[in-house]
Amino acid sequence: MRTVFVTGTGGAGRTTVATALALAGARRRERVLLLTTEPADALAGTGVAAGAGVPVRAGADVPVPAGRDVLASPGSDVPVLAEDDAGVPGLTVVRVDSDADFRREFLTFQDRADAALDLLGAVPLEDGELTELPGSEQFALLRALKTATEGDHDLVVVDLPPVRQAIALLALPEQLRRYLRRLLPVERQAARSLRPVLAQLAGVPMPAQWLYETAARWDAELALVQALVESPDTSVRLVAEPGSAAAGRALRTARLGFGLHGPALDMVIANRILPTGSAEPFLAALSGRQQSAIKEWREEFGGIPVQEVPHAGHDPQEPADLDELIDEPTGRTCDPVPGKGWTVEDRRADDGVLVWRLPLPGAVKEQLQLVRRDDELFVTVGPFRRILPLPSVLRRCTVTGAGLREGELKVRFLPDPGLWPKGR
């Protein structure tokens, strides 16, 4: 299964581009799933709506792909579609309903914690009085991604929020798994038989088994999403409308963030490009600014292709309006997959050190900060931070220095004689 995340600057038309990518895959007879958090009226502006022949499902559970002669799951509101019934065979659109997902997850957790809540004298909340909290949209989309990994799809296109929110979202599984390991260590479950004794010694009740079971379930689900994000079959496409300095800054920020957190960038899509050679001075000047920006992007981003998408002159009204918008649904990976190219180079014979090489395209020295703490390296690049576990061979070493050159960070480690195995 291939996964393409689509993000970009606000108002650049990323939802329309994501829809066009999904339609292009379906036209190639692939089984395609399009995930989006956009409301139904926004989807109608992309040419994809139930009235246009494409089934749109509201909810976090991934439905049966359109065109498959199978029954929907129990309780699902997805219609059973034969191939002739769908305007675009093989394409399914899922609009993630974060409000319904929040209520369902909250009530499930409340039921599991019923005994603890009774002990505290708490009054349970009912479905009708729950309102969606900030951040629930991200968790709903993560759960939809987890379900998508279990589906029978050739291509999954994910319409992400704008760049900064998209990077934070894709970094979330790894961060949450680290929090779970620190707050509820797996090895603590081995002391289950000792909990009554420990509770008497500490004077406070020990965590119940259901809490560990819930944490283990969360960790397993997050691991599936993290594996999807880090997969070599996953890439990101950035959508921007050239012509403004803000768009260029947003793309540079995106390259920096995805270079640290992943996935790899495979294409920049310059959207709504005006035709050149217009006799109207205003349109000619705007077109000139767009072409200058595109030239600058191609020079700055090196091997990452920049695809121009012409301005259609109107909002798409049906899938046919997007047929010629994007004709290549997968692209190619140009930057190394973050984490996969982070290698340890043995220079002990020449310099007496080991070098951890971390490709960080777009990084500059003034915005880089490194902190070693125990077996982790805290890497801050501009507005982004990632906590990296050290490879096992480097945990017995001390940091002696680091350097950044041509988009690659090299951290030097000196083996600690007191910890390094003798004779190696």
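Analyst: Helices here are DSSP runs of H or I with at least four residues, and strands are runs of E with at least two, both numbered from the N terminus. By that rule, Ala-168 lies in helix α6, residues 163–183. The model is predicted, so local features need pLDDT of at least 70 and side-chain atom pairs count only at pLDDT 80 or more, while totals for chains, interfaces and linings use all residues. Residues are numbered from 1 along each chain as its sequence is written, and side-chain values use heavy atoms, with hydrogens and water left out.

User: How many helices and strands does the protein chain have?

Analyst: The protein chain has 10 helices and 15 strands.

User: Is Ala-168 buried, partly exposed or exposed?

Analyst: Buried means under 20% relative accessible area, exposed means over 50%, and partly exposed lies in between, with a 1.4 Å probe and protein chains only. Ala-168 has a relative accessible area of 45%, so this residue is partly exposed. Of the 424 residues of the protein chain, 43% count as buried.

User: What separates the C-alpha atoms of Ala-168 and Phe-384?

Analyst: The distance is 8.8 Å, although the two residues are 216 residues apart along the chain.

User: At what angle do α9 and α10 pack?

Analyst: Two packed helices are described by the angle between their axes and the distance between the axes. Axes are lines fitted to C-alpha atoms, for helices over the stretch in contact, and angles run from 0 to 180 degrees between N-to-C directions. For α9 (residues 245–261) and α10 (residues 281–301), the angle is about 20° and the axes are 11 Å apart. Angles under 35 degrees count as roughly parallel, and therefore α9 and α10 are roughly parallel to each other.

User: Which residues of α9 and α10 meet?

Analyst: Contact means heavy atoms within 4.5 Å. On the α9 side are Ala-247, Gly-248, Leu-251, Arg-252 and Arg-255, which meet Glu-296, Trp-297, Glu-300 and Phe-301 in α10.

User: What is the order of the strands in the open sheet of four strands?

Analyst: Strands of a sheet pair through backbone hydrogen bonds, either parallel or antiparallel. Two strands count as paired if DSSP finds at least two bridges between them. In this open sheet the order is β9-β10-β15-β14, with antiparallel pairing. Its edge strands, β9 (343–347) and β14 (397–405), each pair on one side only.

User: How many bridges link β10 and β15?

Analyst: Strands β10 (residues 353–359) and β15 (residues 408–415) pair over six bridges in the antiparallel sense. Arg-357 has Lys-410 in β15 as its bridge partner.

Conventions
Parallel < 35°, antiparallel > 145°, perpendicular 65-115°, else oblique.
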